[in-house]
Amino acid sequence: MINKINENKEFDHFQDLANEWWHPEGKFKILHTITPLRINYIKKNVKNYQKNKNIKNIPFFNLDILDLGCGGGLICEPLCRLGANVTGVDFVTKNIKVAKQHALKSNLDIEYFKQDLSSLNLKKKYDVILLLEVIEHLDNWKKIITRSLKYLKPKGRIIFSSINRTITSKIFAIFLTEQILHWIPKKTHTYNKLVKPEELILFIEKNKMKTINTTGLFFNPITREWSLNNKKMKINYFCTAEKI
Amino acid sequence: MQNNNVDLVIVGGGLIGLCLSCFLDKLGLRIAIIDKNQITNKKVTAKDIRTTAISEGSKVILDSFGLWKKIKIKAQPIKNIIVIDRNKSNNINFTNPNNAGYLGYIVDNKFIKKILLNKILSNKNILFYEKTEIIDIKISNNFSIIKTNKNIIFSKLLIAADGKDSFIRKIMKQKVYSKKYKQSAMVINFLHSKNHNNTAYELFYNSGPLASLPALKNTVSNRSSLVWSHNPEYIEHLNSVSDSFLKLLIDEKVKEYLGSVTKIVSKETFSLAAHINTMFGNYRLVYVGDAAHSLHPIAGQGWNLGLRDINDLTNIIKMATDLGLDIGTDFVYKKYHKMRFFQAYSLFQITDKLNSIFMYENSFLKNIRNLGFKIIDSNNLLKSKITNYAMGNKL
């Protein structure tokens with residue numbers, strides 16, 4: 001029962017924000033800012049695995065990618081431009097509507113489904129599954145990861161990005177960014193729901209996965225620039241694992 | 001709508017706009033070029049008497065896109081630049097610090113245009129809208145929407161390459177810092193009796209600078225072009241006098257370097273002004289070349305600065321397409337502004353101050369100039385730094 005209430009809260013939170021996804025200066029501005037880094041991380045960690053030779057500007061040619069918790073499609077669209085067959089899934093109806101409309105305007109062929117991640121039901125398996133900024137919003141992230149892994153091809157890769165559960169992240173990622181800087185809407189994150197990278201790794205390695213890479217996402221307050229840095233994982237982090 | 005949906009629109013089919021579309025060639029983007037004139041018409045192109053001073057740095061850029069080997073054929077190299085203040089003993093002779101190299105090249109605009117057009121017209125990804133006028137522009141969340149007298153074009157990114165009086169800048173109400181000079185300039189292409197020895201001369205007078213640029217020798221005659229800056233009334237007079245009188249006036253200035261003038265080939269006047277946009281880009285819009293900045297021609301750097309704009313812009317757009325990003329968003333225009341504005345602003349100020357230093361006829365500035373000339377001419381390190389700067393190399 002408690003779980004249900006929490007999930008509804010998450011639902012309402014994102015439902016209210018759905019129209020904001022593609023406003024570059026809107027409530028999701030921070031996601032727009034870090035999109036280049038996220039794509040860069042995905043490129044780096046998918047490349048090694050890929051058998052297809054790069055076709056000029058289409059590095060993800062024919063790669064099947066599943067973006068779980070795709071929101072308005074901020075990541076789906078660049079991946080599609082890079083040649084991937086992209087499927088985006090989100091549990092907020094309005095997000096899927098916004099994502100579909102935007103893909104049409106961008107002239108991109110992306111498959112979007114409205115589904116609840118806990119009862120995920122798809123027809124095919126994927127080379128790459130993305131769970132970007134998702135697990136920290138879930139009440140039972142373990143259950144959802146187990147379910148998602150069913151749709152990963154052998155040797156396929158899953159890529160996570162999330163927020164660490166540390167004092168630093170409590171101060172910076174929740175207090176400063178939500179309450180003081182208003183970079184992200186209030187109540188986006190709840191401290192107790194955050195997942196430590198070591199917890200995540202411990203869990204996925206029990207599920208026939210091999211960790212390939214972990215990297216931090218670091219904001220330099222002086223240059224005001226974001227960068228990938230494998231030593232700074234106290235706040236935001238990425239993690240890639242391969243199915244054995 | 002499908003047909004008029006492109007990745008980027010370049011407004012302005014001048015050298016900068018055409019070069020940019022050649023630079024972007026390999027990225028596989030769908031490009032539309034819009035120009036109000038019929039630039040593919042040979043009669044229209046033939047009227048263009050202007051020449052472009054290509055710095056050594058610009059040559060390197062053109063070479064990296066495979067364009068230089070074609071332009072080179074008709075490029076007049078500059079081996080020396082001799083700068084002379086009123087009094088002839090005040091002079092500096094600049095040469096390339098690497099002995100083998102040149103300082104720059106002078107090429108006819110119509111020749112460069114021909115090479116660029118050949119390349120562009122054979123590219124199916126580039127749509128060419130000539131004799132097309134822009135009526136209005138709307139920037140939406142997803143597109144720059146360009147309404148012309150012929151059609152409506154939807155584009156991810158709009159590039160304004162429409163010159164120093166940029167129409168787009170006006171529609172978009174882009175603010176500028178500007179400077180008006182009480183100077184006009186006249187460009188005169190002429191033939192003369194003595195060989196120019198691949199040398200450019202820059203003569204400073206209190207009325208304004210006068211530059212003589214060597215042009216490629218045609219079959220029999222020595223050719224040069226003169227850029228003469230003076231007060232507007234004087235330039236107006238120059239424009240109305242007979243060719244034989246104009247010959248005498250030019251002789252007086254440059255006879256000892258170039259011999260006597262044998263023929264005036266063409267002349268053109270324009271008023272001098274300089275400006276720089278407060279922003280080089282906004283959401284789904286960037287300004288390049290003279291649409292972003294125009295300089296006093298004293299150092300001949302305007303076009304070269306524009307070429308560096310489009311070189312950097314090309315690299316940024318490539319970074320964006322490598323990540324599959326929408327090229328109209330802040331990743332492109334913010335990076336571009338950050339990369340280009342400061343360099344353009346410094347050059348805007350330097351050329352402006354240089355002009356004032358040489359204009360004023362007071363004894364204090366005169367002594368400073370004399371001292372400056374001596375210091376620069378006797379100090380090889382300083383001289384090569386200045387030369388490198390003028391060549392468009394990084395310091």
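Colleague: What is the mean pLDDT of chain B, and what percentage of its residues reach 70 or more?

Modeller: This is a predicted model, in which local features need pLDDT of at least 70 and side-chain atom pairs count only at pLDDT 80 or more, while totals for chains, interfaces and linings use all residues; side-chain values use heavy atoms, with hydrogens and water left out. Residues are numbered from 1 along each chain as its sequence is written, and chains are lettered from A and ligands numbered from 1 in the order in which they are written. pLDDT is the predictor's confidence in each residue, from 0 to 100. For chain B its mean is 88, and the share of residues at 70 or more is 90%.

Colleague: Where in chain B is confidence lowest, and where is it highest?

Modeller: Helices (H or I, at least four residues) and strands (E, at least two) are DSSP runs, numbered from the N terminus. The model as a whole scores ipTM 0.84 and pTM 0.87. Within chain B, the lowest mean, 67, belongs to helix H12 (residues 380-390), and the highest, 98, to strand S18 (residues 285-287).

Colleague: What is the strand order of the open sheet of 8 strands in chain A, and which are its edge strands?

Modeller: Two strands pair if DSSP finds at least two bridges between them. The pairing in this sheet is mixed, and the order is S3-S2-S1-S4-S5-S8-S6-S7. Neighbouring strands are turned by 20° against each other on average, direction ignored; axes here are lines fitted to C-alpha atoms, for helices over the stretch in contact, and angles run from 0 to 180 degrees between N-to-C directions. Pairing on one side only marks the edge strands, S3 (111-114) and S7 (225-229) of chain A.

Colleague: Which residue stands opposite A:Asp67 in S2(A)?

Modeller: Strands S1 (residues 64-68) and S2 (residues 85-90) of chain A run parallel and are joined by 5 bridges. The residue opposite A:Asp67 is A:Gly88.

Colleague: Which strands of chain A does H5(A) lie across?

Modeller: Helix H4 (residues 93-105) of chain A lies across S2 and S3, at about 165° to S3(A), where contact means heavy atoms within 4.5 Å. H5(A) runs at about 150° to S5(A), and the strands it lies across are S1, S4 (126-132), S5 (152-163), S6 (209-220) and S8 (236-243).

Colleague: How many nonpolar, polar and charged residues are in the contact of H5(A) with H7(A)?

Modeller: A:Trp141, A:Lys142, A:Ile145 and A:Thr146 of H5(A) meet A:Glu199, A:Leu200, A:Phe203 and A:Ile204 of H7(A). Ala, Val, Leu, Ile, Met, Phe, Trp, Tyr, Cys and Pro count as nonpolar, Asp, Glu, Lys and Arg as charged, and the others, Gly among them, as polar. The contact has 5 nonpolar, 1 polar and 2 charged residues.

Colleague: Is the crossing of H1(B) and H5(B) left-handed or right-handed?

Modeller: The axes of H1 (residues 15-23) and H5 (residues 109-121) of chain B come within 10 Å and cross at roughly 35°. A crossing is left-handed if the near helix is turned anticlockwise from the far one by less than a right angle, and right-handed if clockwise. For H1(B) and H5(B) the crossing is left-handed.

Colleague: What is the strand order of the open sheet of 3 strands in chain B?

Modeller: S3(B) is joined by 5 bridges to strand S7 (residues 104-108) of chain B, running antiparallel, and B:Ala53 stands opposite B:Ile106. The edge strands are S3 (51-55) and S4 (76-78) of chain B. With antiparallel pairing, the order is S3-S7-S4.

Colleague: Through how many residues does a hairpin join S9(B) to S10(B)?

Modeller: S9 (residues 134-139) and S10 (residues 144-148) of chain B run antiparallel, with 5 bridges. B:Ile139 has B:Ser144 as its bridge partner. The hairpin between S9(B) and S10(B) goes through 4 residues.
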